[in-house]
Each structure stands twice: as C-alpha cells, then as structure tokens.
Amino acid sequence: MANRDYRELAAVFAGGAVGTLARSALNTAVVRDAEHWPWSTFTVNIVGAFLLGYFTTRLLERLPASSYRRPLLGTGLCGGLTTFSTMQVETIEMLEHGHWAMAVGYTASSLVVGLLAVHVASALVRRARVRG
C-alpha cells in the first residue's frame with residue numbers, strides 16, 4: 001500500500017461526487033414507478049455512456065497523458081452518474097408487475113443505445129480536427 005496515489009483516489013472521489021449528485025438531482029425531479037418507462041435512469045445511463053466514450057477517446061487519443069483526468073472523468077464522473085444496478089432493479093420491478101415487453105425493451109434499448117452513444121462520441125472525437 002506504500003505506492004497508493006491518494007491524488008488519484010481524490011480524483012475518483014471528486015468525479016464520483018459530481019456524477020452521483022447529478023444523478024440524484026435528476027431522480028428527485030422525475031417521479032418513477034414500475035408502470036412507466038424509467039426515463040431518469042435511462043437518460044443518465046445513455047448520457048454517461050456518451051460521456052465515457054467521449055472522455056476515453058479524447059484522453060487516450062487527443063490529449064497528453066495525465067494521471068488524474070481518466071480517474072476523475074471516466075471512473076469518477078461517469079461511474080457516479082451511471083447506474084447499472086438501478087437499471088436491473090427497475091427491470092425486475094417491471095417483470096414482477098407483468099410488464100414483460102417493457103422490461104425487455106428497456107434492457108435491450110439501454111444496451112443498444114448505450115453502445116451507440118459510445119460509438120457516436122468516439123467518432124465525434126476522432127472526426128474533430130487536431131490543432132497543432
């Protein structure tokens with residue numbers, strides 16, 4: 001443990017706090033029940049996937065190496081913003097209430113649209129002109 005970089009942990013913590021607060025604010029603003037599509041979770045997961053694709057591609061391919069950007073933005077912010085576990089709970093609730101089609105649609109669209117968001121974000125970064 002002597003090699004632990006506490007600045008990296010602080011970056012993850014700071015990014016995670018911001019991401020979690022943003023998700024919490026959206027969840028507070030949107031009332032949800034098992035009868036309706038869980039827009040707040042769907043939205044934060046898609047936005048988080050887009051941001052992760054953007055940050056990862058930009059940090060790895062366009063910016064100089066940094067010890068703290070990836071933990072701050074990728075692990076922290078995107079990790080705090082997105083919530084796979086809530087998606088799973090919501091899917092189970094839909095199934096328990098007999099909303100099989102919505103549960104399948106929610107799970108499938110979350111995965112497909114999330115992957116598409118990562119792809120689009122990466123493509124946008126790669127398409128942008130590099131100044132130099």
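Author: A helix here is a DSSP run of H or I with at least four residues, and a strand is a run of E with at least two. By that rule, this predicted model has five helices and zero strands.

Reader: What pattern does the protein follow along the sequence?

Author: The pattern is α-α-α-α-α. As for overall dimensions, the C-alpha trace spans about 55 × 40 × 25 Å along its principal axes.

Reader: Let's take the helix pairs. What makes α1 and α3 roughly parallel to each other?

Author: Their axes cross at roughly 30 degrees, and angles under 35 degrees count as roughly parallel. So α1 and α3 are roughly parallel to each other. The two axes also come within 6 Å, and α1 passes α3 in a right-handed crossing.

Reader: And which residues meet there?

Author: From α1, Glu8, Ala11, Val12, Ala14, Gly15, Gly16, Val18, Gly19, Thr20, Ala22 and Arg23 take part. They meet Pro71, Leu72, Thr75, Gly76, Leu77, Gly80 and Leu81 in α3. By class, that contact of α1 with α3 splits into nine nonpolar, seven polar and two charged residues.

Reader: Now α1 and α2. How do you know which way α1 runs relative to α2?

Author: Helix α1 (residues 6-29) and helix α2 (residues 39-61) pack at about 155 degrees, with their axes 9 Å apart. The cut-off for roughly antiparallel is an angle over 145 degrees, so α1 is roughly antiparallel to α2. The crossing of α1 past α2 is right-handed.

Reader: What makes up the contact between α1 and α2?

Author: On the α1 side you have Arg23, Leu26 and Asn27, and on the α2 side Ser40, Thr41, Thr43 and Val44. In class terms, this contact of α1 with α2 holds two nonpolar, four polar and one charged residues. Arg23 turns up in the contact with α3 too.

Reader: Why are α4 and α5 called roughly antiparallel to each other?

Author: The axes of helix α4 (residues 84-96) and helix α5 (residues 100-127) cross at roughly 160 degrees. That angle falls in the class over 145 degrees, so α4 and α5 are roughly antiparallel to each other. Their axes come within 7 Å, and here the crossing is left-handed.

Reader: Which residues does UniProt annotate as "transmembrane region"?

Author: The unreviewed UniProt entry puts that label on residues 40-60, 72-89 and 101-125.

Reader: How much helix is in the model over residues 101-125?

Author: Residues 101-125 are 100% helix and 0% strand, and their end C-alpha atoms are 35 Å apart. For residues 72-89 the figures are 89% helix and 0% strand, with 27 Å between the end C-alpha atoms.

Reader: Where does UniProt place the feature "binding site"?

Author: According to the unreviewed entry, at Gly79 and Thr82. Of that set, Thr82 is part of the lining of the largest pocket. Lining residues need an atom within 4 Å of a pocket point. Gly79, for its part, lies in helix α3 (residues 69-81).

Note on methods. Residues numbered from 1 in each chain as written. Predicted model: local features only at pLDDT ≥ 70, side-chain atom pairs only at ≥ 80, totals over all residues. Heavy atoms only, no water. Axes fitted to C-alpha atoms, helices over the stretch in contact; angles between N-to-C directions. Parallel < 35°, antiparallel > 145°, perpendicular 65-115°, else oblique. Left-handed = near helix turned anticlockwise from the far one by under 90°. UniProt positions renumbered as here; feature names shortened; annotations may be inferred. 1 Å grid on protein atoms, 1.4 Å probe; cavity = no way out; pocket = protein on both sides within 12 Å on 5 of 7 lines; lining within 4 Å. Contact = heavy atoms within 4.5 Å. Nonpolar A, V, L, I, M, F, W, Y, C, P; charged D, E, K, R; others polar.
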